Amino acid sequence: MLSKTMAILLGIIEQQPVNAYELNKWLSVMHVRDWYNIASSTVYATLKAAEKKDYITGTIEKSGNMPDKTIYSMTDKGRAEFLETIKNFLADFDYDITPFHIGLFFVKAIDRKEAAALLENRVVLLKKYEEGINRQLKQIVQSEVPKLVVLNLKQNLYIVQAQQKGAAEILLEMKATKGA
C-alpha cells in the first residue's frame, strides 16, 4: 500500500502526466495543503521514490531555451498499486481520517459500483466498532476506572459515529447521482 503522500501524487499523475513543478501547483489549486501537510521538497523526494519502485516513469522534455523538465507518467504497476491503495483507504477505518479523505479525493479512479460497495463495507465495519466500544463502555463504567479513561473511550465512540454518519451520507449521495 502506498503512503498518503505517494497516493496523492500518483492520483494527480494518474489524471494527467505532469512535472514536479506542475504537481506542486496542483496541490495548491486543489487545496490539498489545507488538510494535508506536504512540503514541496517532499514532492520531489516522493517522486524519486515512486520512480525507483517503477510506479512512474519520467520523460525528459526540452522546450526552446527553457531548462529540461521531467514529465512523470503512471506505469501499470503504479496504477495497480494506486487503485489498491484507494480501495483500502475507502474501506478501512483508522482514527487518522486523512487516508479516507485521499480515497474520496480520487474515488472516480475506481468503478462506481465498487466504490459504493467499499463504502457500504466501511459503514458495516464502523457499526461493529461502535458496538464494541459501547460494550466496552458498559463494562468499564461499572468498574473503578479513572474518569479520563471513560472520556477517552467516549471520544473514540464519537469519532466512529461521525465517520459512520459521514460515510453513510456519501454513499447515499453516490447512489442518488449515478451519472455524475
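Thr 85 is found in helix α4, where helices (H or I, at least four residues) and strands (E, at least two) are DSSP runs numbered from the N terminus. The model is predicted, so local features need pLDDT of at least 70 and side-chain atom pairs count only at pLDDT 80 or more, while totals for chains, interfaces and linings use all residues. Residues are numbered from 1 along each chain as its sequence is written, and side-chain values use heavy atoms, with hydrogens and water left out.

With a relative accessible area of 0%, Thr 85 is buried; that term means under 20% relative accessible area, with exposed over 50% and partly exposed in between (1.4 Å probe, protein chains only). Leaving aside neighbours within four places in sequence, Thr 85 is in contact (heavy atoms within 4.5 Å) with Met 1, Leu 2 and Ala 7. A polar atom of the Thr 85 side chain lies 3.0 Å from the backbone nitrogen of Leu 2.

The helix that holds Thr 85 can be checked for length. Helix α4 has 16 residues (76-91), which should span 22 Å at 1.5 Å a residue, and its end C-alpha atoms are 23 Å apart, which agrees. The expected span here is 1.5 Å times one less than the number of residues. Besides Thr 85, the buried residues of α4 include Gly 78, Phe 82, Ile 86, Phe 89, Leu 90 and Ala 91. The buried residues of α4 pack against α1 (4-15), β2 (69-74), α5 (98-105) and α6 (112-141).

A nonpolar core is a set of buried Ala, Val, Leu, Ile, Met, Phe, Trp, Tyr and Cys residues joined through side-chain atoms within 4.5 Å. In the largest one, of 41 residues, Leu 10, Ile 13, Leu 23, Leu 27, Leu 47 and Leu 90 touch the most other members. Two or more residues each come from α1, α2 (20-29), α3 (40-52), β2, α4, α5, α6 and α7 (147-176). The largest share, seven residues, is from α1. Another core lies apart from this one and has nine residues, among them Ile 133, Ile 140, Val 150 and Val 160.

Lys 25 is found in helix α2 and, at 44% relative accessibility, counts as partly exposed. Its C-alpha atom is separated by 29 Å from that of Gly 166, 141 residues apart along the chain.

Conventions
A polar contact is a pair of N or O atoms within 3.5 Å; within protein, one must be able to donate a hydrogen and the other to accept it, and residues adjacent in sequence count only if both atoms are side-chain atoms.
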